[in-house]
Amino acid sequence: MSLLIHDRTISAALIEQRRASGLDRYDEVWDGVYVMSPSADINHQDLAGELTATLKLVIDWRGLGRTLPGANVSDRRKDWTHNYRIPDVLIFLNENSAENCGAFWLGGPDLAIEITSPDEHTLEKLGFYAKVRTSELLVIDRDPVRLSLYRRLCDPQSQEARMELVAQTSRSGISRIASIALGIDFEWSEDQKILRLLQSNQTIREITISA
């Protein structure tokens, strides 16, 4: 169920309560509209932590870039809090032109990972991710588990960019999808309930996913 509040006094008080309690960690602002994200459960946090730690070993420790466990991403320098998103995991490679502005990144990562929660409208962020030049977006649904990889493509005629679905796992078909940006494969084993991260066909890490 969604709630739309037009009373500024009530909305300001509610936002302040969330900030005071720490519940606003993953709240976002979509073109001036404050979006209260569902609180991530323990399994959600475990998965985000495992992915962050693994990718730090592969990317950061090799000096290839920077992996972050959630960060503000905006499309503007001035008044950036008017429009920003917070993926669960972000990877910025050294060649990425996005700027670290301290409180936020101006521009998108090479790979953003979104782990979905019930009632969350993750796919409504696709336009934003394309706008800030996010190379790839990996969406992980947990119940049932499904991996969806979106890649930024630009129409050669209109020059309009979009995030297009390029690979998606299914119970009866594809179980492995490849991130071109990172050179890493993500493979879901339905029988074992394990997400494998692979590089050059070598397993980097196995992560158990619980709904």
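**Strands, sheet and helix**

Biologist: Which residue of β10 is the bridge partner of Glu114?

Modeller: The bridge partner of Glu114 in β10 is Val139. This is a predicted model, in which local features need pLDDT of at least 70, side-chain atom pairs count only at pLDDT 80 or more, and totals for chains, interfaces and linings use all residues. Residues are numbered from 1 along each chain as its sequence is written, and side-chain values use heavy atoms, with hydrogens and water left out.

Biologist: What makes β9 and β10 a pair?

Modeller: Pairing requires that DSSP find at least two bridges between two strands.

Biologist: Where do β9 and β10 stand in the order of the open sheet?

Modeller: The open sheet of 6 strands has the order β3-β6-β9-β10-β11-β12, with mixed pairing. From one strand to the next, the twist averages 15 degrees, with axes fitted to C-alpha atoms and angles running from 0 to 180 degrees between N-to-C directions.

Biologist: Why is one side of β3 and of β12 without a neighbour in the sheet?

Modeller: Strands β3 (65-68) and β12 (161-168) each have a single partner strand, so they stand at the edges with one side left without a neighbour in the sheet.

Biologist: Which strands does helix α2 lie across?

Modeller: Helix α2 (residues 42-60) lies across β3, β6 (89-93), β9 and β10, and runs at about 170 degrees to β3.

Biologist: What percentage of the protein is called buried?

Modeller: Buried means under 20% relative accessible area (1.4 Å probe, protein chains only); of the 211 residues, 44% are buried.

Technical notes
Helices (H or I, at least four residues) and strands (E, at least two) are DSSP runs, numbered from the N terminus. Contact means heavy atoms within 4.5 Å. Buried means under 20% relative accessible area, exposed over 50%, partly exposed in between (1.4 Å probe, protein chains only).
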